[in-house]
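Please study the sequence and the structure before reading each solution.

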Amino acid sequence: MKVEILLLLPMALLLPPRTWAGEIIGGQEAKPHSRPYMAYLDIQSGVNRSFCGGFLVSENFVLTAAHCNGDKIIVKLGAHNIKQREWSQQKISVRRRIPHPQYDKETFNNDIMLLQLAKSAKLNRWVKTITLPFAKNSVKPGTMCSIAGWGRTSTETKSTPDTLQEVNLKVLEDDVCMNNLDVTYNDYDASTMMCGGDLKKGKTSFKGDSGGPLVCGKTAQGIVSWGSEDGRPPAVYTRVSTFIPWIRVTMRRLQP
């Protein structure tokens, strides 16, 4: 059984049992504002609240996972400590949520969503966009990448850190996921997904927030999507390069 890596707030206890509390374990606090593309998503669905990660790809668009959808989303940019009102922060409502039209809630295939902001972000040293890959560009297995988020840092506690955490991990061969004995990975699709994690040290995006970017070099190559029920690596990311045509066409169509 695959689980959404959606980090829950205390009010979200009534979310479906498949939903999981993401966390970063084995990492460390990120240098403040060293990842100015990071977005914190405050999601409201009925009476439930949850949050995800995301990343700024233009002045008025944030990219995240389709399973991070909700009735209302507020985006916080320029944040390091999300519990404080940092003067670097920009809080912007989402005007339009555009999940990929072929997103499959059962297999998590095409787990990608664009968020059009109600107003353009003000780009500065604390708020910047991140580069997207070229269409169909692949990342070589063994490439060291990183993820970041505000998720839990220990399985022993439900408390979450106030500051952004980060961890490094590697891109793995597709076969590591495709040939995994865990039936969770039966739906792995190498054309739209990436396999990643640190099998020896147990580092995986299951320890990070959904919707956040898998950054390789200075490029957002993946989106934190899902992992196995027990939280062990490998984990699965949406392969961003596959969706570049859809991203470009959608953004162009909605530009004012």
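**Exercise 1.** Determine whether Gln221 is buried or exposed.

*Solution.* The model is predicted, so local features need pLDDT of at least 70, side-chain atom pairs count only at pLDDT 80 or more, and totals for chains, interfaces and linings use all residues. Residues are numbered from 1 along each chain as its sequence is written, and side-chain values use heavy atoms, with hydrogens and water left out.

Step 1. Recall the limits: buried means under 20% relative accessible area, exposed over 50%, and partly exposed in between (1.4 Å probe, protein chains only).
Step 2. Gln221 has a relative accessibility of 7%, and therefore counts as buried.
Step 3. Consider its contacts (heavy atoms within 4.5 Å). Leaving aside residues up to four places away in sequence, Gln221 touches several residues, including Pro133, Met194 and Val240.

**Exercise 2.** Classify the ring pair of Trp87 and Trp126.

*Solution.* Step 1. Rings of Phe, Tyr and Trp (its six-membered ring) pair if their centres lie within 6.5 Å; planes under 30 degrees apart count as stacked, over 60 as edge-to-face and the rest as tilted.
Step 1. The whole structure holds 4 aromatic pairs. For Trp87 and Trp126, the centres are 4.6 Å apart and the planes stand at 80°, so this pair is edge-to-face.
Step 2. Trp87 has 69% relative accessibility and therefore counts as exposed.

**Exercise 3.** Classify the ring pair of Tyr185 and Trp226.

*Solution.* Step 1. The ring centres of Tyr185 and Trp226 lie 5.7 Å apart with planes at 40°, so the pair is tilted.
Step 1. Tyr185 and Trp226 are both buried.
Step 2. Together with Phe108, Tyr185 and Trp226 form a cluster linked by ring pairs.
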